[in-house]
Every structure is written in structure tokens, then in C-alpha cells.
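My entries are below, in the order I made them.

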Amino acid sequence: MTAIWSVDTEVFYQNAVKVRNEQSIMAVVKNNAYHYGLEFSVKEFLKAGIQTFSTTSLKEAIRVREIAPHATIFLMNAVYEFDTVREYEIHMTLPSLTYYYEHKEDLRNIHVHLEFENLLHRSGFKDLEELHEVLEDHAQNKSDNKMIISGIWTHFGYADEFDVPEYDIERQAWLNVLNTLLDEGYSFDMIHAQNSASFYREGQVVLPHHTHARVGIALYGSRPYSKLKESEIQQSLTVKGNVIQVREVNAGDYCGYSFAYEATKNQTQLAVVDIGYGDGILKSRAQHEAMINGKRYPIRALMMSHMFVEVDNEVHAQDEVVLYNNDIRIDEFTFKGVGANSEQLSAMNHDSLIKEYI
Ligand SMILES: *Cc1c(COP(=O)(O)O)cnc(C)c1O
């Protein structure tokens, strides 16, 4: 028996169809498609009618090109391997005036999307003035081999926050910039801003004048914020271990390393389970429950390749112990403060867990 990480292919696909909602989606596939597997995810997204992909690493962008020869691929980080970007026909962000002036020539024939910085302050042009500067300099450049301005975009950093005004502020700042440029007669083949939270906040539709929503986590089966109903988004991932044995301990017995857990009553039933932090179960996740035979039981101690779960007489050796599935979901623990959806997903150890697509 070994702990398993498995994805139900049909559920993954059906969820992608439902999230897409017949809108034009750019699927974010960074970090090995949120660790669901780049090749698997891109193929399922293509089946679901998604033809545009976005990632942060050139290496992944190249792999997407190999899997999806006709797709539009957008690289969200600027890189310096200009020949490779050209060779694989990858669209790339234009992150600043400095980068533009330094690499104007290097960027020849490369499709760039102008990035508007906004409240996240991670990258991008600061304001309309900077955007005008690059647009005007580009218009005056009479070279036959200059970069190609194909898009404009921004990233919202506050779309999953509801109690503060920041989302409305960043949304309005972006729409002002975009609408001014469109009113001035500039046009862009691709305009994209919304992550999953913003896509759902706007009614699961793409914002006016935008060509795509740039969606990640919802496509991978987790809700970006808790106001959404669970039934809106389905989790295809299961992470589970097995009961190795059930042991009885008495009040005052310490279990696990360094007094990890002290039994408070006699005849406490403790299941020893073959999954631990070495497999990627976060310490904060172990403050909560695991599911055995459809019932939730408290985790009492977390070790590298084991955990203790306090059980009752209905639990036996070899029973499955579910840490995550669609009934005990990653997003539930996100909202309980365990860590972001992507953080829990990223913690999983794909070398120690058996990986299955069913
Ligand atoms: C990760 C990322 C997204 C997707 O965000 P989700 O919340 O997972 O939908 C979109 N845009 C950028 C720039 C990102 O880095």
C-alpha cells in the first residue's frame, strides 16, 4: 500500500467545460498546470474548447507548443532568449519601458502584450503616459522587423477580496487605461485581465472589450472565493493513504515524536496511516480531519511518512484515508486558513505519491 494522488479525467474535463461557460478562456498552465500535469491538462483543455494557454516559464511554453502546435501561447514573464521565443511563436509580456528600450531590436517579429502594472506592482507599465510612450515610439519605428504589439493585459491582485475596496480600484484603473487607448483608436488582438476570481465576480463572463479571461485555479477544481457554491466547481483530484493498523492507547499516553499528541481517554483508537508531510500534507492541513469510509475523523499527529487519526470501531486496517477529494476539498481548507488552493496543491510530493489518471 502506498499513498495515491489521482485525477479523474472525466471530472477534470467536465469541470473545464463548465468553468469555460462558452467564453473565450486563456488557460493558465504555470507550475506544471498547478501540478495536475502539463500534458494531461493542455490536452483536456483543448478538448474542452480552450485554445489559448499562458505560463510563466519559457520551458513550459515550449512544451505547450509541442503539445498544441496551433495554440496561442502567452508567456507572462519577460525572458531574454529571444530566438527561442521567435522559433516557437510564443507571445510574451512587455514588462517595462526599460526592457523595451534595451531590447527593441531583440524583440523583432515577436508578439508582445503590453502589461499594465496596477496594484500588484509585480511588473508592467506604470501609467497611461508610459503606455503612450511605447505606443508612440513603436509607431515611429519604421523598421520592417520590429516587435508586434498583439495585446494588452493586466493582473488583478485583489479579486478574491470582498471586504476591501481594492478590487474595484484596480478594476476601474485598468478599465480607464484600456478605454482611453481604445477611444484614441488603438486596437489590440488580445485583451485580458481576469483571473478565476475576477471571472466569477463578473458573472463568469469576459469583461467588455476583452478577448479572454486568464483562468487558472477554477479550471483545476478549486473555488477562488468562498461565496461560490461547491457545486459550481468540481475537484477531480483525490489524495489518499491507507490505514496500516489501528492501535489502542490510554489516557496520558503520548503518541508521535516529542509528545505530539497526548491521549485524553482510555481505549482511544488511533489509526496509523501511511501518508505524511513527506508526501506533501501540510502541517496546517493536519489540524483538521481526514475521511475514512465517508466519515470525518480528526488527525492527531503528523510525521514524515505517517499520521495518526483518531478513529472508532468502524475503522480497520487497509481502509482508505482520504485527505482530499470532492467531498473534502482543497478549497474548504483554503477557506479554513490552511493555505492557498495552489499552495496545498504545490506541496504534494509527486515523487513519493503514486500518480494515477483514471
Ligand atoms: C496565476 C495567474 C493567473 C491565474 O490565477 P487564478 O487565480 O489561478 O485563476 C492569472 N494571471 C496571472 C498573471 C497569474 O500569475
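The entries go from the whole chain to charged groups and then to one strand residue.

**Ground rules.** I am working from a predicted model, in which local features need pLDDT of at least 70, side-chain atom pairs count only at pLDDT 80 or more, and totals for chains, interfaces and linings use all residues. Residues are numbered from 1 along each chain as its sequence is written, and side-chain values use heavy atoms, with hydrogens and water left out.

**Overall make-up.** I looked up the secondary structure and found 11 helices and 18 strands. These are DSSP runs, numbered from the N terminus: helices are H or I with at least four residues, strands are E with at least two. Along the principal axes, the C-alpha atoms fill a box of roughly 85 × 40 × 40 Å.

I then checked burial. The protein has 358 residues, and 51% of them count as buried. Buried means under 20% relative accessible area, exposed means over 50%, and partly exposed is in between, with a 1.4 Å probe and protein chains only. Areas come from the Shrake-Rupley method with a 1.4 Å probe; for residues, only the protein chains shown count as cover.

I also looked at contacts (heavy atoms within 4.5 Å). Taking those between residues at least 6 apart in sequence, 65% join residues at least 24 apart.

**Charges.** I noted 32 positive and 52 negative side chains, with the centres of the two sets 3 Å apart. Lys and Arg count as positive, Asp and Glu as negative, while His and the chain ends are not counted. Each charge is placed at NZ of Lys, CZ of Arg, CG of Asp or CD of Glu.

Which residues form the negative surface patch? I listed Asp127, Glu129, Glu133, Glu136, Asp183 and Glu184. Patch residues have over 30% relative accessible area and no salt bridge, and like charges are joined within 9 Å. Helix α7 (residues 128-140) gives the most to the patch, with 3 residues. Glu136 is in helix α7, and this residue is partly exposed at 41% relative accessible area.

**Salt bridges.** I searched the whole structure and found 17. The criterion is a side-chain nitrogen of Lys or Arg within 4 Å of a carboxyl oxygen of Asp or Glu.

- Glu39 pairs with Lys43, the closest N and O atoms being 2.9 Å apart. Both lie in helix α3 (residues 38-47), 4 residues apart, about one turn of the helix. Glu39 is partly exposed at 39%, and Lys43 is partly exposed at 41%.
- Arg223 pairs with Glu230, with closest N and O atoms 3.6 Å apart. Arg223 is buried at 6%, whereas Glu230 is partly exposed at 35%. I also found Arg223 and Glu230 linked with Arg329 and Asp331 in a network of salt bridges.
- Arg296 pairs with Glu289, with closest N and O atoms 3.7 Å apart. Arg296 is partly exposed at 28%, and Glu289 is partly exposed at 28%.

**Thr238.** I placed this residue in strand β10 (residues 237-249). Is Thr238 buried or exposed? I have Thr238 as buried, because its relative accessible area is 18%. Leaving out residues up to four places away in sequence, Thr238 touches Ile4, Trp5, Ser6, Tyr324 and Asn325.

How values were computed. Patch = residues over 30% accessible without salt bridge, like charges linked within 9 Å, V, L, I, M, F, W, Y side chains within 5 Å.
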